[in-house]
Amino acid sequence: MAKGKKGGKRMNKRQVEEALMNLFQSQPNETFSFKQIFKALHLDTHPLKMLAIDTMEEMAWDDYLSKVGDSAYRLNTKGQVQEGTFRRKANGKNSFLPDDGGKPIFVSERNSMFALDGDRVRITMMARREKHIKEAMVTEILSHKSDTVVGQLKVERDYAFLVTESNIFVHDIFIPKKKLKGGKTGDKVVVKITQWPSKDNKNIAGEVIDVLGKTGDNNVEMHAILAQYGLPYKYPKHVEEAANKIPAEITEQDIKEREDYRDATTFTIDPKDAKDFDDALSIRQLKKGLWEVGVHIADVSHYVKEGSIIDKEAQKRATSVYLVDRTIPMLPERLCNFICSLRPDEDKLCYSTIFQLDEEGNIHHWHLAHTIIRSNRRFAYEEAQQIIEECKGEYAEELLMLDKMAKAMRERRFKNGAVKFESEELHFDIDETGKPVRCYFKRSLDANQLIEEFMLLANRTVAEAVGLCTGFEGDAPANHKKDKKTQKPKTLPYRIHDQPDPTKLENLREFVVKFGYKLKTAGTKGAISRSLNSLMADCEGHNEQKLIQTVALRAMMKAKYSVHNIGHYGLAFDYYTHFTSPIRRYPDMMVHRLLTRYQQGGRSANRDYYEELCEHSSDMEQTAQNAERDSIKYKMVEFMGDKLGEEFDAHISGIQSYGIYCEIDENHCEGLVPMHDLDDDYYDFDEKNYCLVGRRHHHKYQLGDAIRIKVARANIEKRQLDFTLAE
């Protein structure tokens, strides 16, 4: 420790460093000479001056300061000041996510300016300390993500406060008693923040704007999950009233302007509990070996006009949200479940891609058209699957032909480089009170894949028609080459998916080598994806299958919407969009409107405007997925709540520095064995190899390992399930 005086106090290196940082940050554009620095910081002894000079040299090495001449420094503002998103964690390990997609940067609590989770902030990089860990300081809160918070009320004699489930606030939110809106202790409420924390006042204050009800009630908890993510849990009355005024009748003029497919065999295939049928398939034979297949999509944009009250609400929501026990629709119920839904034995308006296909699913001709259809039959996936498996039943010939085409298209897609991950979805059977009575994985079968392939075909074809400038009729658009000199594609929201993260892909290669597998990480996109598919096929049925699939999925990028097309890596399509679900996705409505505009000879739409809508839709899609995951966690904990003390066979599904996640083999519920319960040794977290390794006995816990667990705790408030190892 160096000795010196600053106002009569000794200063160590850390204090000198902080004093220097404060000085340079307070005047980021100024250059300071040594003399000015010593004077400003009252460094009046030789040891302190030498310590300051040494510290500034280190800060310059860290790119925090820039050296100006031999005896002056200034703040290195290039790259030091960034904007992005603040992430607050209950464990104090807050972080900053830069807008440029860079890695998270640690922000200590004292340097957070009390920013809340999701806030947009401006930061300044700090000089690196131990192990050269990057650290940032929040210098300005640009905007708060939300001014509402969900939690449980605690009402005392003279005041009340809100306790949030995640406990990420530094202090509880204070609520004056006159601002409770009738809320009582134990109620779940939505609170609007009226006073944000500041340097002078660290308290947060708010007022109750909605009382959801008693904690533990199923409806209350589902509404709380939605409110927590800023998602609507009720439909605005004025929007529903606007929907109620929309006439359901189809006029003679509507029919006159459309192609009539009411005499073609047509059916829908959806989940058994679905009400919003937004796609149907028609099929009829044209001649031997050639079939006409129509992919008919509900013509939502005929009813929802751009800029209308309903459209503005749909745009804001951007997607329907699917929780375990309910759907929160993007559109009012009258539209999504009645007027637009392709219900059997009712005339419906559609936007359709009409294909002439051979029995291998090759396109001989196609065109895009506004149509009128009449569905003959509504199938649940299970019903269609049974007919496909038994080769008999209602519309068996049509279903079997569509299945044959779909299988051929699917095989071609994987041959062309599409990535093949077997999809499993966790489902619950729910009783009339909302309580889960069964938990299981649902696998994708032939009937699901049949619908998937024809939706992919329609989405890809209309995207190629715009992206390749080939028009909306002809043979397969991909057969045409675009003349880059004379044709510029018009604006369209694409569904894009980037190539895997190269570093994560290399980590995967190094990881699978230990199990005797190979993986290509260099070469063409197709070569890499085919190598990934070979890896998935080779490990199928082996103990390490789930482990390798998990690690491979982590190397994949997230798909999103953008007008800047880069193709879809996972599907191996150069052009791809979302056209087939306008009842539940706003991007599909955008695509319908633009396709109609371009079919009528309209000019290209404003790219910047549509890119903003794409970004919003991508964000809302992620938010909806997070809410869905939280509803699954809640039901999982509720399902296991009466099984405390019971033992189950499980496997390790996740490894973290704080413990191991285990998934029960019987019902697929996942819980955590906390690190402090692994008390037979001190375990180190090997992040690269996804395992914990004991220091003394070298026992290893690795992803995919079989394990026997006991249910220890089921905290429904925190949506947290804890296990211990069975003895």
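These are my notes from a first look through this structure.

**Entry 1: the whole chain.** I am working with a predicted model, so I keep that in mind throughout. I started with the secondary structure and found 17 helices and 35 strands in the protein chain. Next I looked up the radius of gyration, which is 30 Å. The globule rule gives 27 Å for 727 residues, and the two values are close, so the chain is as compact as a globular protein of that length. Along its principal axes, the C-alpha trace spans about 100 × 70 × 65 Å. Buried residues account for 50% of the 727. I also checked how far apart in sequence the contacts reach. Taking contacts between residues at least 6 apart, 65% of them join residues at least 24 apart.

**Entry 2: H1 and H3.** H1 covers residues 13–26 and H3 covers residues 46–61. Their axes come within 10 Å and cross at roughly 65°. Angles of 65 to 115 degrees count as roughly perpendicular, so that is the label for H1 and H3. The crossing of H1 past H3 is right-handed. On the H1 side, I noted Lys13, Val16, Glu17, Leu20, Met21 and Phe24 in the contact. H3 brings Leu48, Leu51, Ala52, Thr55, Met56, Glu58 and Met59. Sorted by class, this contact has nine nonpolar, one polar and three charged residues.

**Entry 3: H13 and H15.** Then I moved down the chain to H13 (residues 502–513) and H15 (residues 545–555). Here the axes come within 8 Å and cross at roughly 165°. That angle makes H13 roughly antiparallel to H15. H13 passes H15 in a left-handed crossing. From H13, the contact uses Lys504, Leu505, Leu508, Phe511 and Val512. From H15, I wrote down Leu547, Ile548, Val551, Ala552, Arg554 and Ala555. The class count for this pair is nine nonpolar, no polar and two charged residues.

Entry 4: Ala205 lies in S13, which runs over residues 204–214. Is Ala205 buried or exposed? Its relative accessible area is 12%, so Ala205 is buried. Setting aside neighbours within four places in sequence, I found Ala205 in contact with Ile173, Phe174, Lys192, Ile193, Thr194 and Gln195. I also looked up Glu156, which sits 49 residues from Ala205 in sequence. In space, the C-alpha atoms of Ala205 and Glu156 are 15 Å apart.

Terms used: Residues are numbered from 1 along each chain as its sequence is written. This is a predicted model: local features need pLDDT of at least 70, side-chain atom pairs count only at pLDDT 80 or more; totals for chains, interfaces and linings use all residues. Side-chain values use heavy atoms; hydrogens and water are left out. Axes are lines fitted to C-alpha atoms, for helices over the stretch in contact, and angles run from 0 to 180 degrees between N-to-C directions. Helices (H or I, at least four residues) and strands (E, at least two) are DSSP runs, numbered from the N terminus. Angles under 35 degrees count as roughly parallel, over 145 as roughly antiparallel, 65 to 115 as roughly perpendicular and the rest as oblique. A crossing is left-handed if the near helix is turned anticlockwise from the far one by less than a right angle, and right-handed if clockwise. Contact means heavy atoms within 4.5 Å. Ala, Val, Leu, Ile, Met, Phe, Trp, Tyr, Cys and Pro count as nonpolar, Asp, Glu, Lys and Arg as charged, and the others, Gly among them, as polar. The radius of gyration is taken over C-alpha atoms; the globule rule is 2.2 Å times the number of residues to the power 0.38. Buried means under 20% relative accessible area, exposed over 50%, partly exposed in between (1.4 Å probe, protein chains only).
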